[in-house]
Amino acid sequence: MMNCVGHLAPGQWTAPDDRSVGYLDTDYWVELAQVLERGLFDGLFLGDVTGIYDVFGASPAAALRTAAQVPMNDPVPLIPLMAHATRHLGFGVTVSVAYEAPYLLARRFTTLDHLTRGRVAWNVVTSYLQSGARSLGQTELRAHDERYDRADEFLEVCYQLWEGSWQEGAVRRDPQRGVYADPDRVRPIVHKGRYFESEGIFQCEPSPQRTPLLFQAGGSARGARFAARHAECIFLGAPTRNGLRTSALAIRAALEQAGRAPDSAQLFGMLTVIVDETAQRAQERYEAYRQRGSYEGAIALLSGWTGIDLSGYQPDDTLSYVDTNAGQSALASFSKLDPEREWTVRDAVEFVTIGGRGAVVVGDAVQVADELQSLMEETGIDGFNLAWVESPRTFHDVVRYLVPELQRRGAYKTAYAEGTLREKLLGRGPYLEAPHVGASFR
Ligand SMILES: Cc1cc2nc3c(=O)[nH]c(=O)nc-3n(C[C@H](O)[C@H](O)[C@H](O)COP(=O)(O)O)c2cc1C
């Protein structure tokens, strides 16, 4: 999800039953969280982006007209209210390292981890929109690979704050002696690096996970290296099965190169599921979504992700890969990632109207469950990050039709495990463990 009307389904908000304009309403989010928890979802992922999609036609008009990720609110305040209404559901949230100080971000995540009782995850991104950089007082977006160099150091500061400032046992909370914290077990960090400086004691007492569960989704070569160093869970976005397999293999190899076991991170493929009582009804809805999807909104998104103004292309032009200073993996997924599949501009834009750049699966519960299981077996991924077309209907349908079918097959849990999000998802924790780089700062 995203705290906006149209995340990865431009134009779909115009459907008669769609309620995504309710994003301004707390009830919308609380109900959604409760539906997901009823369906035993591991978590709700909230994406975020800083800036406006104004690459297409060098104008924000297309994005504004079609509500393509604008207007958009901050996702973080949604988490405590949804956490209050649930017990087990995890909350992943994107926060970019591009525009703020590590200390402030670390404090915000510690706060969230306390308030959710250890159910929070951070999707680390480096930002790709020039408009965002300008809004935050930079004349230029930093160079693509340097954004990741800076992110490496950003995380090192965060690890020191989360893992290194407060020793285990520093919090005494001893009313008899009148001692809340033991000063001998709290120490300042001293960081003087290339991009950041931070000196002093972390303000927050350690939260249930200390470091939030770490997600990453950058699929470029440099992004994959960053993911291999830091991520415990990795999002993959590929429109074809072949592309998903290639991405999964590449990231497992990158993990090994970084000295970690290839299965030490869980991989989640982006996917849109359109499931209904019968295959025919699912297909009819898919056709309706195709009709309703906004070409204008999707081309604004794709131009922003790739950094290429697609208004200069004909719909029948073939997309081919070039390095840009925006995100690199979005263009790759519609060009070099799967050599068996060629994409015209029109193909890619129409594809994006239903769930962005993740694959789409349509059918009744048996067909969709078959497809999900075979996708996992053939690509080696560990699970899925589901996008929606109609909100909250897409999730209601998954919970109502698909989850029971997967449970019948023994392919889906029937109860939540206890513990923090890290423990629930990875079966270890609650803290980062060696050989993860973050654990060495504790
Ligand atoms: C499932 C998924 C979710 C993503 N969510 C976000 C997001 O919320 N915010 C963001 O700025 N980028 C998001 N991205 C984009 C990447 O994290 C990354 O910023 C982008 O691909 C550019 O990096 P790259 O050149 O290394 O690919 C997402 C990508 C995928 C596949």
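The shell around the ligand has 7 nonpolar, 13 polar and 2 charged residues; Ala, Val, Leu, Ile, Met, Phe, Trp, Tyr, Cys and Pro count as nonpolar, Asp, Glu, Lys and Arg as charged, and the others, Gly among them, as polar. The model is predicted: local features need pLDDT of at least 70 and side-chain atom pairs pLDDT 80 or more, while totals for chains, interfaces and linings use all residues. Residues are numbered from 1 along each chain as its sequence is written, and side-chain values use heavy atoms, without hydrogens and water.

Of the 22 residues around the ligand, D48, H144, Y148, S220 and S329 come nearest; a residue belongs here if one of its heavy atoms lies within 4 Å of the ligand. Both β3 (120-125) and α6 (144-164) supply at least two residues of this shell; helices (H or I, at least four residues) and strands (E, at least two) are DSSP runs, numbered from the N terminus.

The table gives polar contacts (pairs of N or O atoms within 3.5 Å).

| Side chain | Distance to an oxygen atom of the ligand |
|---|---|
| T94 | 2.8 Å |
| S220 | 2.6 Å |
| S329 | 2.5 Å |

The protein covers 92% of the 620 Å² of accessible area (Shrake-Rupley method, 1.4 Å probe) that the ligand has on its own.

UniProt lists residues 24-382 as "domain: Luciferase-like" in an unreviewed entry; such annotations may be inferred rather than shown by experiment. Over residues 24-382 the chain is 41% helix and 15% strand, with the end C-alpha atoms 33 Å apart.

Definitions and conventions: A polar contact is a pair of N or O atoms within 3.5 Å; within protein, one must be able to donate a hydrogen and the other to accept it, and residues adjacent in sequence count only if both atoms are side-chain atoms.
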